[in-house]
Amino acid sequence: MSGINYSEKIPNNVNLSEDRALQRALEQWQPNFVNWWDDIGPEGSTDSEVYLRTAVSVEPQGWAQFGHVKMRDYRWGIFLNPGSDDRTIGFGDHKGEKAWTDVPGEYRANLRRIIVTQGDTEPASVEQQRHLGLTAPSMYDLRNLYQINVEEGRHLWAMVYLLHKHFGRDGREEADALLERRSGDEDNPRILGAFNEATPDWLSFFMFTYFTDRDGKFQLSALTESAFDPLARTTKFMLTEEAHHMFVGESGVARTIQRTAQVMNELKTDDVNRLRAAGVIDLPTIQRYLNFHFSVTIDLFGADESSNAATFFSTGLKSRYEEGKREDDHILKDKTYQVLVAKEGGLEVKEVPMLNALNEVLRDDYIKDSVAGVERWNKVLTKAGVPFQLRVPHKAFNRNIGALAGANVTPEGEVVSEAEWKARAGEWLPSTEDRAFVASLMGRVVEPGKFANWIAPPVVGINRMPVDFDYVRFN
Ligand code: BYC
């Protein structure tokens, strides 16, 4: 395998063939990646040909080429958005200086940490989703799962490229470790909490791609303006692929809700047992799944007060969401921000230096964006005449990171005793029975144009293909 000519094998716009040392380093990493994919990647997919979108360049006509390919042969490429020689840094203490093409020695450890943390989530999500192909609700959905999996693989390549190119030997060691940690492994887990949770069923998968991939959108956006130009350019391109992942989540939940509402109307009932007997997922269970995925995902933004976050911003490594569109000094030394703390009897607002609260600033922007999609789900219910509305829980609910960790807060934001919280947790978070019921609906439906009973078909297919197109060819 080591004789592969990577400049031809890996689509790239980074002149790989002109950097022999880098090419060799990636040649050594590549077979380990393929082994990892074979071992922990999508189960049962080896011989299937999948109608995939492959990026072959960053041009509008090049980043979305569709065709049937075996996933193992997917051409994981390395792409950076075009740069400009005169780009300047837009925030922090280096504001106005020229963006860096190399890593400044004093920021090396922090940059490596950010890139490794980002890179770690990509293979983690593939590991979390590896069994889902066995219970796909349709061929269309199976294809979307596989599309997401190969693109997370490409996002891993993107971070590995940066580690190999800019961080020397320790970068190569980190790249190896990215293939060694395992989601949910007790001894060698993935770095961030949500990426060690199981994604056991398709409702979890849709919630994950709606909520957790959206963390990807916000974290990647905060890196697109990084002073380290190669990171900015690579994350910009990753974002173009991220949109489809969130679409899969949003439309997947919408189709689940639509089917439930249809059966509620047919049976003229909101009785959970009757709906479950009819083979659809009742809305209170969907709400509990939502509560779980939302709360676990907002933990991914880190502690509400974080000196790391302040350092990342001041040194120009990581900005706020859409930093360039904001109208302030982009340095933030004399600004404050409100964070929440749980006190006995209630939640209190605390005013803190904004630099230290930048994880919270990003979390709050994320929350606004997530709520918008939940409102779109509610429109499906309203349109069907079903008097039930889904709600995003309070941000203090079920938290494990930051000042709100372990506070006993209900989804409505009320602080209750630990005993009450524990007694009522089953009302708010998926119970073992909920998960067992959802699992019981997961049977594999993969004839073209057929859909599992619990989910409505999509309105249109992928790349304007019909819904009953043969998106996956099983060999
Ligand atoms: N779980 O000062 P703090 C995506 C740790 S998703 C476990 O707040 P910081 C995708 C933290 O490491 C986007 N540990 O930390 C989506 C620190 O540990 P140490 C992923 C956590 O650094 C779907 C300590 O707690 N990208 O792309 O300010 C599919 C103190 O915390 C967690 C990024 O996250 C947690 N949830 O903030 C596929 C961007 N939170 O040093 C892909 C890069 C915190 O005390 N990462 N800790 O041992 C970052 O910017 C930051 O590392 C974080 C954490 C925002 C994550």
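Reader: In β4, which residue is the bridge partner of A342?
Author: This is a predicted model, in which local features need pLDDT of at least 70, side-chain atom pairs count only at pLDDT 80 or more, and totals for chains, interfaces and linings use all residues. Residues are numbered from 1 along each chain as its sequence is written, and side-chain values use heavy atoms, with hydrogens and water left out. Strands β3 (residues 336-343) and β4 (residues 346-353) run antiparallel and are joined by 8 bridges. Within β4, V339 has K350 as its bridge partner, and the partner of A342 is L347.

Reader: Which residue in the hairpin of β3 and β4 takes a positive phi?
Author: Strands count as paired if DSSP finds at least two bridges between them. The hairpin of β3 and β4 has 2 residues between its strands. The positive phi, near 90°, belongs to G345.

Reader: How many helices and how many strands does the chain have?
Author: Helices (H or I, at least four residues) and strands (E, at least two) are DSSP runs, numbered from the N terminus. Counted this way, the chain has 13 helices and 5 strands.

Reader: What radius of gyration does the chain have?
Author: The C-alpha trace spans about 65 × 60 × 40 Å along the principal axes of the chain. The radius of gyration is taken over C-alpha atoms, and the globule rule is 2.2 Å times the number of residues to the power 0.38. For 475 residues a compact globule would come near 23 Å, and the chain agrees, with a value of 23 Å.

Reader: Which strands are the edges of the open sheet?
Author: The open sheet is formed by 3 strands in the order β2-β1-β5, with antiparallel pairing. An edge strand here pairs on one side only, which holds for β2 (65-70) and β5 (472-473).

Reader: In β5, which residue is the bridge partner of E49?
Author: Strand β1 (residues 49-54) pairs with β5 in the antiparallel sense over 2 bridges. The partner of E49 in β5 is R473.

Reader: At about what angle does α4 run to β1?
Author: Axes are lines fitted to C-alpha atoms, for helices over the stretch in contact, and angles run from 0 to 180 degrees between N-to-C directions. Contact means heavy atoms within 4.5 Å. Helix α4 lies across β1, β2 and β5, and its angle to β1 is about 50°.

Reader: Is α4 roughly parallel or roughly antiparallel to α7?
Author: Angles under 35 degrees count as roughly parallel, over 145 as roughly antiparallel, 65 to 115 as roughly perpendicular and the rest as oblique. The axes of α4 (residues 139-166) and α7 (residues 229-267) come within 11 Å and cross at roughly 160°. Therefore α4 is, relative to α7, roughly antiparallel.

Reader: Is the crossing of α6 and α11 left-handed or right-handed?
Author: A crossing is left-handed if the near helix is turned anticlockwise from the far one by less than a right angle, and right-handed if clockwise. The axes of α6 (residues 202-223) and α11 (residues 358-383) come within 10 Å and cross at roughly 145°. While α4 passes α7 in a left-handed crossing, that of α6 and α11 is right-handed.
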